[in-house]
Amino acid sequence: MAVWGEMSRNVRLLLGQIQGCRQIVAANQSLKSARCLSQAASQPEPSADDNEAVNPTFVNRNPRNLEQMALGVKDRGWKTTWPHREFYHRLVFSRTQHHVTAEVFSSSSPVPVLSCSTKEWALKRELASTHCVAACQAVGEVLAQRCVQAGITRMVYRAIPWQYRSDAVQCFRTAMKEGGIILSEPRRKYIET
């Protein structure tokens, strides 16, 4: 009997410990649910008017957004300067005795944004001559691809009139146009305030 009494006492202690643990777990769960309920109650209900509110201090994070909508300011420069300064991007094509170079300039920077030349090894090794008409066409195709990748699809190209009629310049222009580049910019739109 003593063994049964000893065993039943151990069982009762064990059951008491289990019930105590259950009470502690139940208390913790009630605290957690109370915390969750209090956090959910503190959040305000969203209203439909909040979706239509406009921030009065809007900052344009895309600097080319106004340019693409033809609303950005173009620097006009002086009337006597040549070439004219009224552009967003300008294409400059030059030929020397040994090489062909084409560069795209932004109106805000004297440094070219994009460039392509037969001085580049990747282009030079594919050409028989670095200053012929085929080289001009190759430079036009490569520069058009780079411009499309950079997101510049419109630019101004004003060639000197006596150079404009040459076969090399005409091949360069057609290669740029076939590559998806429009060689003119839209007129600037003026919005009345």
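User: Which residue forms a salt bridge with Glu126?

Analyst: Arg125 does, with the closest N and O atoms 3.8 Å apart. A salt bridge here is a side-chain nitrogen of Lys or Arg within 4 Å of a carboxyl oxygen of Asp or Glu.

User: What am I looking at, and how are residues numbered?

Analyst: This is a predicted model, where local features need pLDDT of at least 70, side-chain atom pairs count only at pLDDT 80 or more, and totals for chains, interfaces and linings use all residues. Numbering starts from 1 along each chain as its sequence is written, and side-chain values use heavy atoms, with hydrogens and water left out.

User: Back to the pair. Is Glu126 buried or exposed?

Analyst: Glu126 is exposed, because its relative accessibility is 61%. Arg125 counts as exposed too, at 54%. The cut-offs are under 20% relative accessible area for buried, over 50% for exposed, and partly exposed in between (1.4 Å probe, protein chains only).

User: How many salt bridges does the structure hold?

Analyst: It holds 2. Arg146 and Glu120 also meet through their side chains, at 2.8 Å from N to O. That pair links distant parts of the chain, 26 residues apart. Arg146 sits in helix α5 (residues 133-150), and Glu120 in the loop between β3 (112-117) and α4 (121-124). Helices (H or I, at least four residues) and strands (E, at least two) are DSSP runs, numbered from the N terminus.

User: And how exposed is Arg146?

Analyst: Arg146 is partly exposed, at 28% relative accessibility. Glu120 falls in the partly exposed class as well, at 25%.

User: New topic. How many aromatic pairs are there?

Analyst: The count comes to 2. One is Phe93 with Phe172, which is stacked: 4.2 Å centre to centre, 20 degrees between the planes. Rings of Phe, Tyr and Trp (its six-membered ring) pair if their centres lie within 6.5 Å; planes under 30 degrees apart count as stacked, over 60 as edge-to-face, and the rest as tilted.

User: Which parts does that pair tie together?

Analyst: Phe93 is in strand β1 (residues 89-95) and Phe172 in helix α7 (residues 167-178), so the pair ties together parts 79 residues apart in sequence. Both Phe93 and Phe172 are buried.

User: Why is the pair of Tyr157 and Phe172 edge-to-face?

Analyst: Because their planes are at 65 degrees, with the ring centres 6.1 Å apart. Tyr157 lies in the loop between α5 and α6 (161-164), so this pair ties together parts 15 residues apart in sequence. Tyr157 is buried, at 12% relative accessible area. Phe172 is at 0%. Phe93, Tyr157 and Phe172 form one aromatic cluster.

User: What else touches Phe172?

Analyst: Leaving out residues up to four places away in sequence, Phe172 touches Leu91, Phe93, Ala102, Cys136, Val139, Gly140 and Leu143. Contact means heavy atoms within 4.5 Å.

User: Now the largest nonpolar core. How many residues?

Analyst: The largest nonpolar core has 25 residues. A core is a set of buried Ala, Val, Leu, Ile, Met, Phe, Trp, Tyr and Cys residues joined through side-chain atoms within 4.5 Å. Among the residues with the most contacts inside it are Leu91, Phe93 and Phe172. β1, β2 (100-106), β3, α5 and α7 each supply at least two residues. α5 gives the most, with 7 residues.

User: Sheet next. What is the strand order?

Analyst: It is an open sheet of 3 strands, ordered β1-β2-β3, with antiparallel pairing. Strands pair if DSSP finds at least two bridges between them. β1 and β3 are the edge strands. β1 and β2 are joined by 7 bridges, and a hairpin connects them through 4 residues. β2 and β3 pair over 5 bridges.

User: Which residue stands opposite His89?

Analyst: Ser106 in β2. Thr101, in turn, has Ser117 in β3 as its bridge partner.

User: Where does α5 lie?

Analyst: α5 lies across β1, β2 and β3, at about 150 degrees to β3. α7 packs on the sheet as well, touching β1 and β2, with its direction at about 145 degrees to that of β1. Axes are lines fitted to C-alpha atoms, for helices over the stretch in contact, and angles run from 0 to 180 degrees between N-to-C directions.

User: Last one. How many helices and strands in the chain?

Analyst: The chain has 7 helices and 3 strands. Buried residues make up 23% of its 193 residues.
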